[in-house]
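Welcome! Please take a moment to look over the sequence and the 3D structure before reading on.

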Amino acid sequence: MSAILLLPAVAACGSGDDDEPKNVSAKTAELGTLTPGVIKVAVQPYAPYTSVQGDKIVGLDGDILNYAAEKLGLEVKPQVTDFAGMLAGVQSNRVDITIGGVAWSADRQKQGLFTDPPYYSPPAMAVRSGKTYKTVDDLKGLELGTVEGYVWVKSIQAVPDAKLHAYPDANGVFDDLGAGRVDVGFLDPLIIIAAQKERPDLKIDTQYMTPPTAEQVKAKPDYQYFQPYQTGFYLPKKATKLEKAISAQIDAMYANGEMEKLVKKWGGDPEQFLKPSADVAAARQGVDRPQDWTPPSIAQ
């Protein structure tokens, strides 16, 4: 996903409407958004995770933020940019937040704040119907595709005897997969699921990889990108009150069933999206979360 593109954060987001909504409560104002009562959100077009229709953000991430914002009394105002602009807008304090499957990383958290994970992105594969691949060992010697700049490029290059096919966008992956020139395509799961529904002529299926073991990753560090990654909404360093408030709403959505409902709405499997892998807690404990932090999860 663009969220894990290896791109520098150099672009800047454009300014938006600074008009303050009427009747902003003191509690909402205390959240410290750039404009009281408004949450300015940097997004890129990346359906079905984020897209803008009129003045509304739609998609899985959009629905999650809209739900949280309503609970907090905030009006959502999107600003469309690219992925580098999303990160830059947060890090330069020009927007209140960015969403869209942004992967948590130790480096990114040094320059901004991450909420609790709204969901976890599992390692998904687009495969030709009738074919089954489960582990990284099953990929040896195959024709493997992804988008240029995505971290799966590194993982694919580490697979013995596999051939990398890198494309400017996901359409190239799907076209060659449908034509039989590629065996497996690595893309974000909802992208594959959407293509499967919208382009039945491709005759593709969505499969989830069994993540490589710790021993395999130790032997080949680039295999780490075949593991699930935790997403987060990303905010400026100073936005501590807003981050805590949104994280609380995210945690509540896990508990009340809303998160599971939204994942299903957009074609995802809650068992894959809403249960953290063992390394999620360890990655953040003592970094940007307390040592006893437990990542949100649906019932085990």
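Keep in mind that the model is predicted.

## The sheet and its order

Let us start with the sheet. Its 5 strands form an open arrangement in the order β10-β9-β11-β8-β12, and the pairing is mixed. The edge positions belong to β10 (163–167) and β12; each has a single partner strand, so one side of each is left without a neighbour in the sheet. From one strand to the next, the twist averages 30°.

As a bit of background, strands of a sheet pair through backbone hydrogen bonds, and they can do this in a parallel or an antiparallel way.

On one pairing, β8 runs antiparallel to strand β12 (residues 204–208), and 5 bridges join the two. Here methionine 125 stands opposite glutamine 207 of β12. β8 also pairs with strand β11 (residues 184–186), again in the antiparallel sense, over 3 bridges. In that strand, the bridge partner of methionine 125 is phenylalanine 186.

The parallel pairing to look for is the one between β11 and strand β9 (residues 143–147), which has 2 bridges. Leucine 144 has valine 184 in β11 as its bridge partner.

## A helix packed on the sheet

Helix α7 (residues 189–198) packs on the sheet and touches β8, β11 and β12. Its direction makes about 155° with that of β12.

How many of the 10 residues of α7 are buried? The count is 7, so the helix is largely enclosed by the rest of the structure. The buried residues are Pro189, Leu190, Ile191, Ile192, Ile193, Ala194 and Ala195.

## The second largest pocket

The largest share of the lining, 4 residues, comes from α7, while α6 and α7 each supply at least two. Sorted by class, the lining holds 10 nonpolar, 1 polar and 3 charged residues.

Asparagine 171 is 72 residues from isoleucine 99 in sequence, and their C-alpha atoms are 23 Å apart in space.

## An enclosed cavity

Where is empty space left inside a structure? Rolling a probe the size of a water molecule over the atoms shows it.

Searching the whole structure gives 1 cavity of 30 Å³ or more. The largest cavity has a volume of about 40 Å³. Its lining is made up of Ser121, Pro122, Pro123, Ala124, Trp152, Leu187, Asp188, Pro189, Tyr225, Gln227 and Tyr229. By class, these residues divide into 8 nonpolar, 2 polar and 1 charged.

Technical notes: Residues numbered from 1 in each chain as written. Predicted model: local features only at pLDDT ≥ 70, side-chain atom pairs only at ≥ 80, totals over all residues. Heavy atoms only, no water. Pairing = 2+ DSSP bridges. 1 Å grid on protein atoms, 1.4 Å probe; cavity = no way out; pocket = protein on both sides within 12 Å on 5 of 7 lines; lining within 4 Å. Points joined across faces, edges and corners; volume = space filled by probe spheres on them. Nonpolar A, V, L, I, M, F, W, Y, C, P; charged D, E, K, R; others polar. Axes fitted to C-alpha atoms, helices over the stretch in contact; angles between N-to-C directions. Contact = heavy atoms within 4.5 Å. Buried < 20%, exposed > 50% of the residue type's maximum accessible area, 1.4 Å probe, protein only.
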